[in-house]
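Hi,

Here is the structure I promised to pass on. Have a look at it first, and then read on for what turned up.

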Amino acid sequence: MSDSDLFPWGDGRRYHSYNAFMKARYGGRVQKLPVNAGFTCPNRDGTRGVGGCSYCLNKAFNPSYCTPTKSISEQLREGMSFHLHHNRNIKGYIAYFQAFSNTYAPVEHLRALHEEALNVPNIVGITIATRPDCLGDDVLDYLEELSGKTRLCVEVGVESCRDETLRRIHRGHDFACSQHALWQLHARNIECGAHLIFGLPGESPDQWLEDVRKVNALPMQHIKFHQLQIIKGTAMEQEYLSHPEDFHHFTFEGYVTFLAEHLSHLNPAFAVERLASAVPPRYTATPGWHGIKYDAVVRAVEKHLAESDSHQGKLFSI
Ligand code: SF4
């Protein structure tokens, strides 16, 4: 059996990279441009809770140039001119509604934002990050309509498959809510993906390897993984200071080894959009492997997979 039979994703990697997924779809590189449309979150405004998820400090996760004081088209044009200076081989751009919960507004407001984005030249699609409990029938009906007009992807914040953890981090929803949201998107043929965090309190690498079967059964096209980074000033920082023994900290080498094993169990159909997060060091409350670039994580995981003669999905099961 040749390497291309084992790794059929087109770029020679031992895992199904999001770049390969997008190249297969668009015939070239497509760049996501984050925008901040000024949304809030039901876990902050009192609808689901106040104070938000215990790890959340949104400004740590969003680029500083994205601010709702600028229009969507301004933010997109600025993002494009930045990338044009760095990479001229981009075939198009995706407007990425990233900050807070990007379906938490009346449908007519969502429609106006998306129309503005789609009217910017070279925008070829829209990606929307949201909570699973912000996808009511009216929103889903609208998203189905939107997906008929452009390439649409919805990223759902699943974070953990364990209800005990979701309660502990004050997510305000359970795992069944995430499953339901993804199945609803799937039923409407809307491309979707999930976001998961490794390192939440009370969880361990063995449990994440157990949970991969639940993840494998989710009806989606892509997935993002982040290692937990504890952010200064959050409720989680206080929890960590009181109970550090409840948190699993990865060394860089430990995370690479864990990821390689996790990928070997992961559904090979999922495109992996992220393997790790990189919050600016000034925001983090705990020492970590700062200064290591994302590309170095990717290279180390690839090397580990090659040395262990493994690849995404080698041990896949549901
Ligand atoms: S749902 Fe997202 S934006 Fe809202 S508090 Fe949680 S992490 Fe922050």
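Predicted model: local features only at pLDDT ≥ 70, side-chain atom pairs only at ≥ 80, totals over all residues.

Residue numbers start from 1 along each chain as its sequence is written.

Asn189 sits in the loop between α8 and β5. Asn189 is exposed, with 9 other C-beta atoms within 10 Å. For burial, C-beta atoms are placed from the backbone: a residue with 20 or more others within 10 Å of its own is buried, one with 12 or fewer is exposed, and anything in between is partly exposed. Asn122 also has a positive phi, of about 75 degrees, and is not a glycine. Its place is the loop between α5 (107-118) and β3 (123-130), and Asn122 is partly exposed, with 15 other C-beta atoms within 10 Å. As background, most residues other than glycine have a negative phi.

Now to the helix itself. The buried residues of α8 are Ser178, Ala181, Leu182, Gln184 and Leu185. They lie on the same side of α8, because their arc around the axis is only 155 degrees, taken from the directions from the helix axis to the C-beta atoms. These buried residues pack against α6 (137-147), β4 (151-159) and β5 (191-198), where a contact means C-beta atoms, placed from the backbone, within 7 Å. Ala176 and Ala187, on the other side of α8, are exposed.

Finally, the whole chain. Its secondary structure comes to 12 helices and 7 strands, and buried residues make up 40% of the 318 residues. The C-alpha atoms fill a box of roughly 50 × 50 × 40 Å along the principal axes. Of the contacts between residues at least 6 apart in sequence, 84% join residues at least 24 apart.

Best wishes

Methods: Helix = DSSP H or I, 4+ residues; strand = E, 2+ residues; numbered from the N terminus. Contact = placed C-beta atoms within 7 Å.
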